[in-house]
Amino acid sequence: MEEKLEEMSVRFEELEHMLAQPDIIADQEKWQALAREHAHLSGIMEAYAGYKTLAESVKEARELENGEDPELRELAASELAVSLPRLEAAERELAQLLVPEDPQDNKNVVLELRAGTGGEEAALFAMDLMRMYTRYAESKGWRFEVISASQTDIGGIKEAECLISGSKVYRNLRYESGVHRVQRIPATESGGRIHTSAATVAVLPEATDVDVTIAPGDLIIETHRSSGAGGQHINKTESAIRMIHVPTGIVVNCQDERSQMKNREKAMQVMKTRVADYYRSAAQKQYGDERRSQIGSGDRSERIRTYNFPQGRVTDHRIGLTLYKLEAFLAGDMEEMISALVLAGSTGEMGEAQEE
């Protein structure tokens with residue numbers, strides 16, 4: 001990685017020199033192309049400079065740690081305790097910055113969550129996953145909106161659709177699709193036995209008007225009263241929207257907003273995304289196969305990640321990474337795992353979902 005960064009550093013200096021040349025300034029088309037390349041490298045070089053400063057600090061602290069002076073060794077140990085985590089974070093940031101751009105990286109996503117095997121415990125776990133993604137989105141400065149959710153009596157969710165908007169959302173979340181397995185003692189279990197349950201996650205890049213056009217005649221739009229919290233308003237106003245795409249049979253429900261117009265707009269966003277996803281396959285059978293390969297059946301044996309409460313760990317089986325910080329991870333501290341997945345996906349080192 002450092003060899004590649006040094007090559008980029010040389011290129012960055014060349015660009016700074018070229019952008020100051022009168023003949024290049026006179027050729028605006030060429031100048032703009034070079035300026036775009038310079039702007040792209042600028043962020044990488046800034047991160048690289050920070051990484052090199054931290055690496056030098058770590059190197060010096062290690063030399064002192066191996067010295068004969070006890071006070072300096074103690075001081076070096078304190079310095080390393082702070083600098084090493086920072087160096088690891090800087091290395092992850094650089095690795096992410098070096099990942100080639102994908103045309104869909106900057107797209108918003110529709111996140112679909114469904115309870116799988118495990119009954120009420122699976123529904124509670126699906127709710128835990130939704131909270132996890134909500135908090136991760138907050139840490140990234142993204143907007144997280146619940147489009148629709150079917151809740152259980154004890155606070156779980158059977159299924160939910162959410163819209164996440166912001167910078168590079170699909171780039172970060174694209175590898176979250178699949179079956180997530182949890183091992184813990186359920187709140188509903190009186191015997192104290194560890195159960196295994198599952199929930200499925202699907203991440204779809206939000207479609208734009210360029211991706212898909214839906215003819216008005218292809219849609220059936222129904223209104224109905226919302227269910228859930230909301231007081232008297234939900235009993236008097238038919239603000240919820242049910243939208244059906246006749247050619248594909250795709251159904252979208254939205255009741256998050258009190259305004260029928262806003263629910264209609266959100267439902268259309270989700271509908272375009274799901275219809276675009278449908279038509280990415282040549283035929284309906286291919287679509288079904290593709291979707292099943294992405295989220296699986298919800299069975300415990302088809303998993304991309306395991307959340308093990310007794311051991312306090314979360315393991316992603318495609319890259320073999322285990323983090324012993326389950327509580328923090330479920331609170332949205334997902335960056336280390338996300339960075340590793342993005343890097344593995346870009347370098348072709350991503351493994352398959354594991355079976356029991």
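Which residue stands opposite Arg181 in β9? In this predicted model, the residue opposite Arg181 is Thr306. The two strands involved are β4, residues 178–184, and β9, residues 305–308. They run parallel and are joined by four bridges.

Both strands belong to an open sheet of eight strands. The order across this sheet is β2-β3-β1-β5-β4-β9-β10-β11. Its pairing is mixed. The edges are formed by β2 (143–151) and β11 (321–323). Each edge strand has a single partner, so one side of each is left without a neighbour in the sheet. On average, neighbouring strands here are turned by 15° against each other, with direction ignored.

Helix α8 lies across β1 (109–115), β2, β3 and β5 (195–205). The angle between α8 and β5 is about 90°. Helix α11 lies across β9, β10 (313–316) and β11. It runs at about 175° to β11.

A further sheet is built from three strands. This sheet is also open, with the order β6-β7-β8. Its pairing is antiparallel. At the edges stand β6 (219–224) and β8 (250–254). Each of these has a single partner strand, so one side of each lacks a neighbour in the sheet. Neighbouring strands are turned by 15° against each other on average, direction ignored. Strand β7 covers residues 240–245 and pairs with β8 over five bridges. Within this antiparallel pair, Met243 stands opposite Val252 in β8. Helix α8, residues 260–279, lies across β6, β7 and β8. It runs at about 25° to β7. Helix α8 therefore lies across strands of both sheets: β6, β7 and β8 in one, and β1, β2, β3 and β5 in the other.

Helix α11 has 13 residues. From its first C-alpha to its last it reaches 18 Å, close to the 18 Å expected at 1.5 Å a residue. Several of its residues are buried: Met337, Ile338, Ser339, Leu341, Val342 and Ala344. Gly348 follows the helix and has a positive phi, near 75°.

Helix α11 also packs against helix α4. The crossing is left-handed. On the α4 side, the contact involves Arg92, Ala95 and Gln96. On the α11 side, it involves Glu335, Glu336, Ser339, Val342 and Leu343. By class, three residues of this contact are nonpolar, two are polar and three are charged. Ser339 and Val342, two of the α11 residues that meet α4, are among the buried residues of α11.

Two loop residues complete the picture. Lys168 sits in the loop between β3 (157–165) and α6 (169–173). Most residues other than glycine have a negative phi. Lys168 is not a glycine, yet its phi is positive, about 55°. Its relative accessibility is 26%, so Lys168 counts as partly exposed. His317 is found in the loop between β10 and β11. Is His317 buried or exposed? Its relative accessibility is 18%, and because buried means under 20%, His317 counts as buried. The C-alpha atoms of His317 and Glu352 are separated by 7.8 Å. Along the chain, these two residues are 35 residues apart.

How values were computed
Residues are numbered from 1 along each chain as its sequence is written. This is a predicted model: local features need pLDDT of at least 70, side-chain atom pairs count only at pLDDT 80 or more; totals for chains, interfaces and linings use all residues. Side-chain values use heavy atoms; hydrogens and water are left out. A crossing is left-handed if the near helix is turned anticlockwise from the far one by less than a right angle, and right-handed if clockwise. Contact means heavy atoms within 4.5 Å. Ala, Val, Leu, Ile, Met, Phe, Trp, Tyr, Cys and Pro count as nonpolar, Asp, Glu, Lys and Arg as charged, and the others, Gly among them, as polar. Buried means under 20% relative accessible area, exposed over 50%, partly exposed in between (1.4 Å probe, protein chains only). Two strands pair if DSSP finds at least two bridges between them. Axes are lines fitted to C-alpha atoms, for helices over the stretch in contact, and angles run from 0 to 180 degrees between N-to-C directions. The expected span of a helix is 1.5 Å times one less than its number of residues.
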